[in-house]
Amino acid sequence: MPKQTFILAHPMARANAVQAVMTAPDGFKVTVSEQTRSLDQNAALWPILDAFSKQLKWPINGVMVAMDSEDWKTVLTAAFRQESARMAQGLDGGYVFLGMRTSKMSRKEFSDFLEFLHATAALKGIEL
């Protein structure tokens, strides 16, 4: 049985989801959750990160440098989560932030994240 996803947007979708559950083989799992970020939301993220990358230097190892968009994503996601992320020691003695994946954010949380990015950009003088 192939993987099936149902958006519970109307009675027929709910009925189809129930039918799939009733006919699924033993051992299958069911997860009901809020949808994660949309493709449009994700597309809106990268121009903002690119603007930070091009317009703002940031201290890394005590030196002011231009960071790429991926690095800004990590820093800004940590700030959005009030820098309460978990940090692990890396294999060679450095440090790695854990749990910073925006792909796991709900649409509401990602919307709040985008608002946070706009506000932070305004505070830092970043033109979007």
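This is a predicted model: local features need pLDDT of at least 70, side-chain atom pairs count only at pLDDT 80 or more; totals for chains, interfaces and linings use all residues.

User: Okay, which residues of H4 are buried?

Analyst: Phe 110, Phe 113, Leu 114, Leu 117, Thr 120 and Ala 121. Looking down the axis of H4, those buried residues fall within an arc of 125 degrees, so they line one face of the helix.

User: And how far does H4 reach?

Analyst: H4 covers residues 107–124, which is 18 residues, and spans 25 Å from its first C-alpha to its last.

User: What covers the buried residues of H4?

Analyst: The cover includes helix H2 (39–55) and helix H3 (69–80).

User: What's on the face turned away from the buried side?

Analyst: That face of H4 carries the exposed residues Lys 108, Glu 115, Ala 122 and Leu 123.

User: Which residue comes just after H4, and what is its phi?

Analyst: Gly 125, with a positive phi of about 75 degrees.

User: Let's switch to H2. Which residues are buried there?

Analyst: In H2 the buried ones are Gln 41, Asn 42, Leu 45, Ile 48, Leu 49, Ala 51, Phe 52 and Ser 53. What covers them includes S2, H3 and H4. As for length, H2 has 17 residues and reaches 25 Å end to end by C-alpha, close to the 24 Å expected at 1.5 Å a residue.

User: And H1, which of its residues are buried?

Analyst: Ala 13, Ala 17 and Ala 20. They cover an arc of only 60 degrees around the axis, which puts them on the same side of H1. On the face turned away from that buried side you'll find the exposed residues Pro 11, Met 12, Val 18 and Met 22.

User: Why would residues a few places apart point the same way?

Analyst: An α-helix has 3.6 residues a turn, so residues three or four places apart point the same way.

User: New topic. How many salt bridges does the structure hold?

Analyst: There are 3. One of them joins the side chains of Asp 50 and Lys 54, at 3.1 Å from N to O. Both residues sit in helix H2, 4 residues apart, or about one turn of the helix.

User: Which pair links distant parts of the chain?

Analyst: That's Arg 81 with Glu 109, whose side chains meet at 3.6 Å, N to O. Arg 81 is in the loop between H3 and strand S3 (86–89), while Glu 109 is in helix H4, and the two are 28 residues apart. Arg 81 counts as partly exposed at 23% relative accessibility, and Glu 109 does too at 27%.

User: Now the surface. Which residues make the nonpolar patch?

Analyst: Leu 8, Val 18, Val 21, Met 22, Val 30 and Val 32, with an area of about 600 Å². Val 21 lies in helix H1 (residues 11–23) and counts as partly exposed at 43% relative accessibility. Val 32 is in the loop between H1 and H2 and counts as exposed at 67%.

User: Last one: which residue other than glycine has a positive phi?

Analyst: Asn 61 does, with phi near 50 degrees. Asn 61 is in the loop between strand S1 (57–60) and strand S2 (63–66), and it counts as exposed at 78% relative accessibility.

How values were computed: Residues are numbered from 1 along each chain as its sequence is written. Side-chain values use heavy atoms; hydrogens and water are left out. The expected span of a helix is 1.5 Å times one less than its number of residues. Buried means under 20% relative accessible area, exposed over 50%, partly exposed in between (1.4 Å probe, protein chains only). The arc is that of the directions from the helix axis to the C-beta atoms. Contact means heavy atoms within 4.5 Å. Patches are made of residues with over 30% relative accessible area and no salt bridge: like charges are joined within 9 Å, nonpolar side chains (Val, Leu, Ile, Met, Phe, Trp, Tyr) within 5 Å. Accessible areas come from the Shrake-Rupley method with a 1.4 Å probe; for residues, only the protein chains shown count as cover. A salt bridge is a side-chain nitrogen of Lys or Arg within 4 Å of a carboxyl oxygen of Asp or Glu.
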